[in-house]
Amino acid sequence: MPTGTLPRKEPAQQPPGAQIPAMVLCPQVPLRAARGLHCSAAARNSDSWLVPPPPEPRKGPGPTKALALHEELFQQAPAGARDKANFVRAVQNFGQHNVHKRGHVDFIYLALRKMREYGVERDLAVYNLLLDVFPKEVFRPRSIIQSIFIHYPRQQECGIAVLEQMESHGVMPNKETEFLLIQIFGRKSYPMLKFVRMKLWFSRFKNINPFPVPRDLPQDPVDLAKLGLRHMEPNLSATVTIYQMPSSKDSTGAADPAEPHIVGIQTPDQQAALANHNPARPVFVEGPFSLWLRDKCVYYHILRADLLPPEEREVEEIPEEWNLYYPMQLDLDYGRSGWDDYEFDIHKVEEGPVFAICMAGAHDQATLAKWIQGLQETNPALAQIPVVFRLAGSTGELRESSSGVKEPPPPPPPPEGQEEEEDNQQRQQQGQS
Amino acid sequence: MYARLGEIIGLDASIAVTLAAHQAIGLKGIILAGNKEQKARYLPKLASGEHIAAFCLTEPSSGSDVASIKSRATLSEDKKHYILNGSKVWITNGGMANIFTVFAKTEVVDSDSSVKDKITAFIVERDFGGVTNGKPEDKLGIRGSNTCAVHFENTRVPIENVLGEVGGGFKVRVRAAPVRAARFMVSSLAPKMTAAYACMRKQFNKSLSEFGLIQEKFALMAQKAYVMESMAYLTAGMLDQPGFPDCSIEAAMVKVFSSEGAWQCVSEALQVLGGSGYMRDYPYERLLRDSRILLIFEGTNEILRMYIALTGLQHAGRILTARVNELKRGNVSTVVETIGQKLRDSLGRTVDLGLTGKLGVVHPSVEDSARKLEENAYYFGRTVETLLLRFGKTIVEEQMVLKRVANILINLYGMTAVLSRASRSIRMGIRNHDHEVLLANIFCAEAYYQNLFTLSQLDKYSPENLDEQIKKVSQQVLEKQAYICAHPLERTD
């Protein structure tokens, strides 16, 4: 029996008197039947393994026509208007084309792939709409044997794929989803099982991140920078200063490269430490380092100094009559015993003091020099201290082009990329020029 | 002597405070550190009351941290005056005083010719000019006394008015020397005032005095008053001995115990009266407000606890230095001796330090309490040794440990005072001495069990020692500067 085209897979048992829907399975999918249910997940190594990649174009008019039709639905939108309304319209148009919803599994997979383009991957209503595409009451098992064997496995896989995408984007399903799933697959099905698990674990893991980043990140780069800086420096006494706002966006919203935003943060302790810093030793501006906030990457620079070698570290002198009430220093010969000595921690590497952090739109020396100038207003001691700029040549992040092919990584930056020793006067000159 | 006077005046806290600010601290500087001319010039008028004195040390940015005061006194060109600039805050008698003992920083050239800032005390008269005071502060209690900020602007102080020597300011600072007797007056008054009410008022057909909880309150008031009196007079007696005995620790202990005891007693007295205690018509709320300041001024109780513990540990540390060094070096005989001692301690030994028995000091009626005191003292000594071994010099940073040490010390001193007073009363046949014996026994039993608990908290890995958890909680709360738990009704779905 097996020939070039594989036979259609019949449902396990025909419900008496019910019509077998003619478009139960799309012929392309049986290609994967051999790998369908019984192989482990490890066999699939791409990310969205449940959503099969778009099939290669095949010869023969029949199968590709259906797929092309589905693609067309999504391309009907006028160019550039990829938003929720068009997506919803495309999904609803699917139902109109054939009442019997031929190839709905494929369509749903396609729609899942297209969600990201349309920007609706976090929208629960859209997912519910997508689940609505399934015909109801058909795939529910009606006897014990049907429920033992996975009834309508492709459809169940598809349902699980929808829920999986919901999970990976952190969308919490609601009662409507539950009702839909019960209607479509019945209570004892695998999608329903996954739904129940999602409901339990999502609610438990909602607050599991001790350093939560808000779900909707601000679009404005200045606000994003402030959020990132507060994330890095949670000390409530730190002050965020905006040294430079991006120039007014008149055309499309892109910041003018001549005046990028500069936002900095500094705590009073850091200010005091900078004021006490020995002007003979330089401070370094290092960066850019990357900070990921959900899916946005921002870059920051730090102003730091090296640790004093142990010989030069001054021992804190306790003034004689510091406390008139009780002796701050006991006149005993012996110190702490080893039993209570908590000082040594193998994980703590002592690094030099960090005086301030900033996030700027551009990573070149001119912008950072403006930041240093802004810092000088609150830290007058900075005027006497030499500042060395140690900037990495590139941001070090691999950039993906739109074709999906990775570019070869940029050549590694020279160890001290653009190091320039700047004196007070030189910096001022540059600032003025 | 001062205790007796203080008792009489302690009826009203505002008067007591005004007097204390004038006499106990305002003048003491001149008496202790002034030279003959200064004494001859100022003391007669101050003693007669023509001039009032005030003591100026606290500034807005430095309460306990004295080395950070910002008032400066610079020598003028003709080297005959100091120009004083600065402002002091919360000065009792600030509005009425004419003579101020002011602490300011002066530049002192050391023997190795390095210029440092040292604190110096000055006697400043209001007539020198440039002395202004702010408006009287609106306080919670002791509203009768005048407390205000005092500002010095280019006040010219002749160099003859420097108290002590330039840079020797801290010696002038009178540290907790006089006994603060006002406190126990308050708490011995409390039973008198409330007892009449308790016997009169009837609820559920019984007078209040028949209810157990009210009886407990009266017993507490009586007990605290007794202990406070005993401690205060014991310390005063020690101070009255010839010579200049250093009773600063005892005085600090008296202050801590009395201030907290007074606060508790007045609070309970107010409680006995219920709603009417809360009303302004009755004096209880005023007493409560007045006694709240007792925990704060003259060295806050926390600071004094540190002082008690650290001074004691310093003394003990010096004696134990030899032993500790030997142990650290691992001298076998000392180690074996220590281990043997610890084993015998853990098996429970009877401690006899000579208080009880045939040649004992205390009367047999309070023998049990004396034995408890001995046991506590012995085990406390052992614990102190362990603490010094563990921490050494760095015990200064372990404030929770020091607080416990201080609490034990205060209890021990209280027990001593109470036992000695009770024994004296019985032997002399003072009236109501059996009541005193009762009070003594109750207090000693309570203090004994409290001490045992505190001692167990001082072990490193004991379940009662919650230091780590406390530090963690406080660190998390202070990081967010708020209470970080979610609301009880919050849901996640």
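1. Some ground rules come before the details. Residues are numbered from 1 along each chain as its sequence is written, and chains are lettered from A in the order in which they are written. In this predicted model, local features need pLDDT of at least 70 and side-chain atom pairs count only at pLDDT 80 or more, while totals for chains, interfaces and linings use all residues, and side-chain values use heavy atoms, without hydrogens and water.

2. Let us start with Val283(A), which belongs to strand S3 (residues 283-293) of chain A; strands are DSSP runs (E) of at least two residues, helices (H or I) of at least four, numbered from the N terminus. Val283(A) is buried because its relative accessibility is 0%, where buried means under 20% relative accessible area (1.4 Å probe, protein chains only).

3. Setting aside residues up to four places away in sequence, Val283(A) touches several others, including His277(A), Leu303(A), Phe355(A) and Val388(A). Contact here means heavy atoms within 4.5 Å. Phe134(A) is 149 residues from Val283(A) along the chain, and their C-alpha atoms are separated by 64 Å.

4. Over in chain B, Ser230(B) sits in helix H6 (residues 212-240). With a relative accessible area of 4%, Ser230(B) is buried. Beyond its neighbours within four places in sequence, Ser230(B) is in contact with Ala417(B), Val418(B) and Arg421(B).

5. Finally, residues of H4(A), among them Leu124(A) and Leu131(A), meet residues of H7(A), including Leu180(A) and Ile184(A).

Conventions:
Buried < 20%, exposed > 50% of the residue type's maximum accessible area, 1.4 Å probe, protein only.
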